[in-house]
There are 2 protein chains.
Amino acid sequence: MIERIGTSLRFTQGPFVESFASTAGAREGEGPMGGCFDRIEKDPYFGEKTWEAAESRMQSDTLHAALVKGELRAGDVDCVLAGDLINQCTGSAFAMRRVDIPFLGIYGACSTMSEALLLASVLTQSGACRRAAAVTSSHYATAERQFRFPLSYGGQRTPTSQWTCTASGAVVLCHAGTGVRVAGGCIGRIRDLGVTDATNMGAAMAPAAADTLLRYLHDTGTAPGDYDAIVTGDLGMIGTPLLHELMQQGGVDIAGVHHDCGVMMFDNAGQDAHAGGSGCGCSASLLCGHFLPALREGRLHRILFAATGALLSAMSAQQGESIPGICHVTELCAGEVEAC
Amino acid sequence: MIERIGTSLRFTQGPFVESFASTAGAREGEGPMGGCFDRIEKDPYFGEKTWEAAESRMQSDTLHAALVKGELRAGDVDCVLAGDLINQCTGSAFAMRRVDIPFLGIYGACSTMSEALLLASVLTQSGACRRAAAVTSSHYATAERQFRFPLSYGGQRTPTSQWTCTASGAVVLCHAGTGVRVAGGCIGRIRDLGVTDATNMGAAMAPAAADTLLRYLHDTGTAPGDYDAIVTGDLGMIGTPLLHELMQQGGVDIAGVHHDCGVMMFDNAGQDAHAGGSGCGCSASLLCGHFLPALREGRLHRILFAATGALLSAMSAQQGESIPGICHVTELCAGEVEAC
């Protein structure tokens with residue numbers, strides 16, 4: 001059942017997280033989270049001829065790994081929701097060409113994993129699908145040459161810039177089951193406070209994260225202390241303190257339970273990652289590599305997963321437009337349904 | 001209620017089409033369908049400084065027009081699903097920056113309106129949203145310079161090429177109501193038969209249209225004669241006979257009831273449109289300008305709306321990749337629920 005409370009959703013009887021898998025590139029594998037991924041691939045081409053084909057291969061491999069871990073076949077999944085950062089979302093389209101599952105393409109920049117989980121939850125809880133998968137990816141080399149400069153140009157990165165992760169995560173939700181489940185969610189609204197610096201996406205996304213988190217906490221009558229972790233996507237070193245400040249302006253202190261995937265992914269000083277990691281695959285791979293295992297194993301019981309997206313393009317930045325931010329929230333919990 | 005039959009969905013008690021609006025550019029307004037649009041805008045810049053800003057303005061204006069026609073305010077709509085063809089879907093993101101409604105970005109190239117209607121139907125029928133809007137747009141000048149050449153280059157167009165329409169359509173669905181409703185749908189699978197000619201998208205999309213239409217007809221036990229019209233997105237002059245042939249290979253003759261929005265939009269010889277119109281706004285504007293009014297006024301009673309998408313990018317074409325096609329189907333009907 002789906003209940004609507006204010007602008008938020010509550011899922012009262014599932015869906016359940018049936019399986020999940022994560023993939024990371026070499027640099028991500030060398031970072032502090034390197035031990036959590038199912039696969040670390042040292043070849044940035046993933047055996048393909050172009051970086052774009054590599055990202056598609058990574059995405060379809062990650063979905064395949066989730067199916068194998070769950071002892072599922074493609075025919076067991078009624079729908080895949082997938083997205084990435086490449087122009088016209090070809091990273092996902094070409095990945096899904098190999099996967100004979102009905103496909104809904106979505107785009108929310110680095111918020112895509114939250115959007116996919118939310119829609120997959122609605123599809124499975126409504127009876128539209130028995131199982132739905134949520135998959136996202138990003139690749140440093142595809143993103144860098146598309147959003148910024150050709151890699152061979154050797155452009156200098158600014159201190160506020162984030163490093164697009166080569167990573168992917170895939171989650172299979174089932175309408176019935178036991179264990180970890182999606183308990184609720186909130187669809188994001190665009191927030192744009194006028195940040196025009198395309199190398200400071202953390203600042204552009206923080207207001208959207210605060211907006212959706214404050215709405216979800218208000219609608220559900222919960223406080224940060226009710227959660228073991230409030231996980232954001234890729235606000236990084238710059239956006240994280242801005243989110244804390246915006247939440248405090250809303251009367252909520254999340255600093256004690258907040259974790260940002262962009263901050264977590266790299267040893268930001270030692271690995272020269274500047275303000276942290278980013279990309280659709282950053283929060284997706286840490287969700288599937290770190291947070292979902294912790295929920296399944298009982299180390300965490302209830303978390304909010306709030307991936308954040310900066311909805312810019314290279315052209316919108318060149319045209320002087322500011323950066324619209326968005327953040328979708330999903331609540332994940334383990335154990336009895338009543339306990340959430 | 002949502003029922004799953006095979007790989008298709010049936011919506012048994014709605015959702016209902018509460019309001020809709022369409023916008024077209026000057027060239028589209030001069031074509032054979034020119035009389036059906038709510039607004040024809042002769043200024044290709046829609047009063048803005050760039051074509052990209054023009055497309056966003058067109059999209060938010062079209063959604064606003066649908067709200068006004070339905071005597072609705074933004075706060076009455078719980079979610080907007082929107083998409084377009086511009087890199088990173090900025091056409092929609094920047095449009096939705098003006099619209100304070102929770103936003104889910106989707107990407108299905110020219111199939112986007114079908115995808116948006118399907119997801120909006122699931123969201124409203126599941127209790128997740130009371131009302132959800134589906135909005136898409138395309139603009140000749142934004143698409144041409146992004147997918148092909150700068151307009152000022154004056155590139156020669158091939159005979160198989162289609163003309164990206166400057167157009168937009170917006171539909172507001174409500175969980176309850178009367179009149180025209182969405183009665184079912186089917187999520188598309190990617191079909192790629194190896195077409196590598198980026199100027200022949202009709203041929204690339206026809207197999208996907210045949211796959212989803214055949215599945216929906218099979219699952220629902222219906223035949224083309226049960227529908228007043230089977231409407232595809234932008235197969236154009238080349239893709240249309242290919243679809244007829246593929247359907248016949250599946251044992252189904254749709255020629256008598258089939259209409260393709262890409263064929264309909266222009267006087268293809270007189271307006272030098274070659275193989276017809278295309279773009280997310282082509283089928284969306286004809287759905288909202290022509291087909292939904294015909295259903296509301298009783299000139300049509302039951303149709304399939306099957307927008308088709310070619311999931312390529314300029315880079316995928318340059319890299320020699322073939323073109324994955326996709327097509328999502330929605331069934332729209334008028335009158336009593338029992339009659340559908």
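This is a predicted model: local features need pLDDT of at least 70, side-chain atom pairs count only at pLDDT 80 or more; totals for chains, interfaces and linings use all residues.

Visitor: How many residues of H2(A) are buried?
Guide: H2(A) is largely enclosed by the rest of the structure. That follows from the burial count, because out of its 19 residues the number buried is 16.

Visitor: Is A:Phe46 buried or exposed?
Guide: You'll find A:Phe46 in the loop between strand S4 (39-41) and H2 of chain A. Its phi is near 45 degrees, a positive value in a residue other than glycine. Being buried takes 20 or more other C-beta atoms within 10 Å. A:Phe46 has 20 C-beta neighbours inside 10 Å, so it counts as buried.

Visitor: Which loop holds A:His274?
Guide: A:His274 is a residue other than glycine with a positive phi, near 55 degrees. With 20 other C-beta atoms within 10 Å, A:His274 is buried. Its loop is the one between helix H8 (261-264) and strand S13 (277-278) of chain A.

Visitor: What kind of peptide bond joins A:Gly14 and A:Pro15?
Guide: A:Pro15 has its place in the loop between S2 and S3 of chain A. Omega for the bond from A:Gly14 to A:Pro15 is about 5 degrees, and the bond is cis.

Visitor: Over in chain B, what is omega for the cis bond that joins B:Gly14 and B:Pro15?
Guide: In chain B, look in the loop between strand S2 (8-11) and strand S3 (16-25), where B:Pro15 is found. A cis peptide bond joins B:Gly14 and B:Pro15, and omega is about 5 degrees.

Visitor: How far apart are the C-alpha atoms of A:Ala116 and A:Val135?
Guide: A:Ala116 lies in helix H4 of chain A and counts as buried, with 31 C-beta neighbours inside 10 Å. Leaving aside neighbours within four places in sequence, its contacts include A:Leu81, A:Ile106 and A:Val135. A:Val135 is 19 residues away along the chain, yet the two C-alpha atoms are separated by 7.3 Å.

Visitor: Which element gives the largest share of the side of chain A that touches chain B?
Guide: The contact takes 47 residues from chain A and 47 residues from chain B. On the chain A side, the elements giving two or more residues include strand S1 (2-5), helix H3 (90-96) and helix H10 (314-318). By class, that side divides into 24 nonpolar, 14 polar and nine charged residues. The largest share is five residues, and it comes from H4(A).

Visitor: What distance separates the centres of domain 1 and domain 2 of chain A?
Guide: Domain 1 of chain A runs over 2-174 and domain 2 over 181-339. Between them, 61 residues of domain 1 are in contact with 61 residues of domain 2. The domain 1 side of that contact has 28 nonpolar, 26 polar and seven charged residues. Taken over C-alpha atoms, the centres are separated by 16 Å.

Visitor: In chain B, what is the handedness of the crossing where H6(B) passes H7(B)?
Guide: H6(B) and H7(B) pack at an angle of about 35 degrees, with axes 8 Å apart. Residues that meet there include B:Ala210 in H6(B) and B:Leu242 in H7(B). The crossing is right-handed.

Terms used. Residues are numbered from 1 along each chain as its sequence is written. Chains are lettered from A and ligands numbered from 1 in the order in which they are written. Domain bounds come from an automatic or database domain assignment. Two residues are in contact if their C-beta atoms, placed from the backbone, lie within 7 Å. Ala, Val, Leu, Ile, Met, Phe, Trp, Tyr, Cys and Pro count as nonpolar, Asp, Glu, Lys and Arg as charged, and the others, Gly among them, as polar. Helices (H or I, at least four residues) and strands (E, at least two) are DSSP runs, numbered from the N terminus. A residue is buried if 20 or more other C-beta atoms lie within 10 Å of its own, exposed if 12 or fewer, and partly exposed in between; C-beta atoms are placed from the backbone. Axes are lines fitted to C-alpha atoms, for helices over the stretch in contact, and angles run from 0 to 180 degrees between N-to-C directions. A crossing is left-handed if the near helix is turned anticlockwise from the far one by less than a right angle, and right-handed if clockwise.
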